[in-house]
Amino acid sequence: MSERIYCCEASADQPMLGTAAVVDISLLLEYRPAWRAKAMTDNALGEGVRSWLAQGVAALEGQGHKVRAQFIRQPEIDRSDTRLLVHRDGVLRVFGSGGPGYDGLVRTPIEALLHEDSGERLEAPRYFVCTNGQRDLCCARFGLPLYNRLRERLGERVWQATHLGGHRFAPNVLVLPQGVLYGRVGTVGDDAGEEAVERFVTEVEAGAVPRRYLRGRSRYPKPVQAAEGFAGHDGLEWVALEEGEGHAKVTFNHQGKPLFVNVAVAEEPVPVLANCGDQQLKPERPYRLESLQPGSARGLPLA
C-alpha cells in the first residue's frame, strides 16, 4: 500500500496571502448531523429550510453581495435550540430558533435579518475551524485537534465549520467578527504546537492579525488581501485598488497617511496538491510583493 499523502503537507511551501474566498456576508447555520463531502447541497434538511436558505442567499446576491453559507456545529453541546450566525461589515449577530429544529428561524427571511437591529450582537471573537473530513482528509486530521485545543482555551466561542476553502492550508480558521481567514494555524515550521496556538489566540483576542497564518481578510479582493499581509501593519484601512495585467497597486490609510503596496502574481506557477484525493499537481500563481511605500497625508485619496 502506498503511503498516504496529505495535501497540506505536500503544499506546505505554497504562500497563503490572497487565498481567502471573497465574502461580504457569511451565513453560518447550525447543523448537527454528520456532514457529507458537499454538505450544503447534500444534507438532510427539510425542504422548507432548504428553500428558506436558498431564497435568502439568492436575495442577498441579487443585491450585489458576495454570500457564503456554511454549516457549523458544537458536538459537545446539547442545546435546546438551533443557531444562525450572520456576519456583515464587521458585525456578527446570532439568532436562535427558540426551540428544537428550525421553525423559529425560517419564519423570517434571511435578508430581513440584515435590515433590523435584531438578534444578539457578539463582540468577542468567534473561531470557526474547518473539520469536514468528508470533503478533504486534511480538514479532519489537522482541523479536529486544533478545534479541541481552541475549545479547551475558549469554550463555546469555538465552532466546527464545513469547507472554508483551501484544504492544502489546513487547519483553516475563520475568525469573526474580525472577518479574517487563517491557515496552517499552529503548524507553521518551527512555530507549531500548543504554544503556537496560544500565541495565535492571544494576538487575535488583542485585536491583532497574526500574519504568519494570514490567508486574507474575506471582504477584500484577493490583491488587497495579499497587500495587507505584505504591509505588515495592523489597523490598516483599505482606500483604493488599481489593477493591471497580473499587477495591482493597493492604497491603505495607515494612521492618517497613505501606504502604497504594489503586488503581482508570480510569473512562474507553483505546482501544488490542491486536494488529498488529487492525482496530479495543480499550477498556482501566488502573490509577491513588488514594492511598499509610505506617502504623505496630502497623497491620501478619498475612499
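A residue is called buried when its relative accessible area is under 20%, exposed when over 50%, and partly exposed in between, using a 1.4 Å probe and protein chains only. By that criterion 8 of the 10 residues of helix H8 (residues 222–231) are buried, so this helix is largely enclosed by the rest of the structure. The model is a predicted one, in which local features need pLDDT of at least 70 and side-chain atom pairs count only at pLDDT 80 or more, whereas totals for chains, interfaces and linings use all residues. Residues are numbered from 1 along each chain as its sequence is written, and side-chain values use heavy atoms, with hydrogens and water left out.

**Helix H8**

- Helices (H or I, at least four residues) and strands (E, at least two) are DSSP runs numbered from the N terminus.
- The buried residues of H8 are Pro223, Val224, Gln225, Ala226, Ala227, Glu228, Gly229 and Ala231.
- Their cover includes strands E12 (214–217), E13 (237–243), E14 (247–254), E15 (257–265) and E18 (287–294), where contact means heavy atoms within 4.5 Å.
- Gly232 follows H8 and has a positive phi, near 75°.

- Two strands pair if DSSP finds at least two bridges between them.
- Strand E6 (residues 126–130) runs antiparallel to E8 and is joined to it by 4 bridges; Val129 stands opposite Val173.
- Strand E9 (residues 180–182) also pairs with E8 in the antiparallel sense, over 3 bridges, and Val180 is the bridge partner of Val175.
- E8 and E9 form a hairpin with 3 residues between them, and Gly179 in the turn has a positive phi of about 75°.

**Cysteines**

- A disulfide is a pair of cysteine sulfur atoms within 2.5 Å, and a search of the whole structure finds 0 of them.
- Cys7 is buried at 0% relative accessibility, and its sulfur is 3.7 Å from the closest cysteine sulfur, in Cys138, which is too far for a bond.
- Cys139 is buried with a relative accessible area of 2%; the closest cysteine sulfur to its own is in Cys130, at 3.6 Å, too far for a bond.

**His65**

- His65 lies in the loop between helix H2 (47–62) and strand E2 (67–73) and counts as buried at 17% relative accessibility.
- Leaving aside residues up to four places away in sequence, His65 touches Asp24, Ile25, Leu60 and Arg88.
- The C-alpha atoms of His65 and Val23 are separated by 8.0 Å, although these residues are 42 residues apart along the chain.
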